Amino acid sequence: MSKNKYYVVWIGRKPGIYTSWAECKAQVESYPGAKYMGFTTYDQALLAYQAPVPSPDVVNPILEQIQYLFPPDSIAVDASVNMKTGTMEYRGIHLSSMQLIFHVGPWDYGLKSNNIAEFLALVHGLQWLMQYDLDAPVYSDSITAMAWVRNKKINSKTLKKMPIPQIIEKVDNAIAWLHDNPNHAEVRKWNTEQWGEIPADFNRKS
């Protein structure tokens, strides 16, 4: 279960710091453009509240209208791979606040596989939620990556053709973590058709 005791509301009916999810929810549910986030200590919450209001680098007007659909502390992950060079990176976004919570890469290993990058992003998101003991789901728009997480194994023809040691090590570590932590957070599919681009998207589509 989540250990959050304080909730910061940057944008809502009444911005401030709240000591329960019920109070926070009353301020942000169905409120256009609501931004909020949970914290374990008051000092963390106060520091965040006094900081500038987080703003996304992915423009998604639909997201502002559907924030209430996502449980507190839900995160979204996505990856980007340059199919010419194989440069790979991924990141995670905290949905309610739109804060960047991790960004890994870019790696110039030359592996042109978006599925591998999406898989690593998804496992990293699950690890992040467990690290902070957050009872929330992680959203991904990759059906393949979700299947690999569910099955605790990958099936990548690209990696078989190009067995790059650095990538193999990362994948093996991710799979080992999944086996060691079967009770990880829930993985949910991001509904791009209804919700627009996933907030962690790198916005590099041509």
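Is Arg 91 buried or exposed? Select Arg 91 to begin: this residue is buried, with a relative accessible area of 8%, where buried means under 20% relative accessible area, exposed over 50% and partly exposed in between (1.4 Å probe, protein chains only).

The model is predicted, so local features need pLDDT of at least 70 and side-chain atom pairs count only at pLDDT 80 or more, while totals for chains, interfaces and linings use all residues. Residues are numbered from 1 along each chain as its sequence is written, and side-chain values use heavy atoms, with hydrogens and water left out.

**Stop 1: strand β5**

Keep Arg 91 selected and display its strand, β5. Helices (H or I, at least four residues) and strands (E, at least two) are DSSP runs, numbered from the N terminus. A polar atom of the Arg 91 side chain lies 2.9 Å from the backbone oxygen of Ala 200.

Next, select His 94, which is also found in strand β5. His 94 is buried, with a relative accessible area of 0%. The side chains of His 94 and Asp 73 make a polar contact at 2.9 Å; such a contact is a pair of N or O atoms within 3.5 Å, and within protein one must be able to donate a hydrogen and the other to accept it, with residues adjacent in sequence counting only if both atoms are side-chain atoms.

Now show the surroundings of His 94. Leaving aside neighbours within four places in sequence, His 94 is in contact (heavy atoms within 4.5 Å) with Tyr 36, Met 37, Asp 73, Ser 74, Ile 75, Gln 99 and Ile 101.

**Stop 2: the nonpolar cores**

Select Ile 116, Phe 119 and Ile 167: of the 37 residues in the largest nonpolar core, these touch the most other members. A nonpolar core is a set of buried Ala, Val, Leu, Ile, Met, Phe, Trp, Tyr and Cys residues joined through side-chain atoms within 4.5 Å. At least two residues of this core come from each of β4 (75–81), β5 (88–94), β6 (99–107), α4 (114–131), α5 (143–151) and α7 (165–180). Helix α4 gives the most, with 10 residues.

Centre the view on Ile 167. Not counting residues up to four places away in sequence, Ile 167 touches Met 88, Trp 107, Tyr 109, Leu 111, Ile 116 and Leu 159. Then select Ile 66, Ala 76, Tyr 139 and Trp 195, which are included in a second, separate core of eight residues.

**Stop 3: the whole chain**

Buried residues make up 49% of its 206 residues.
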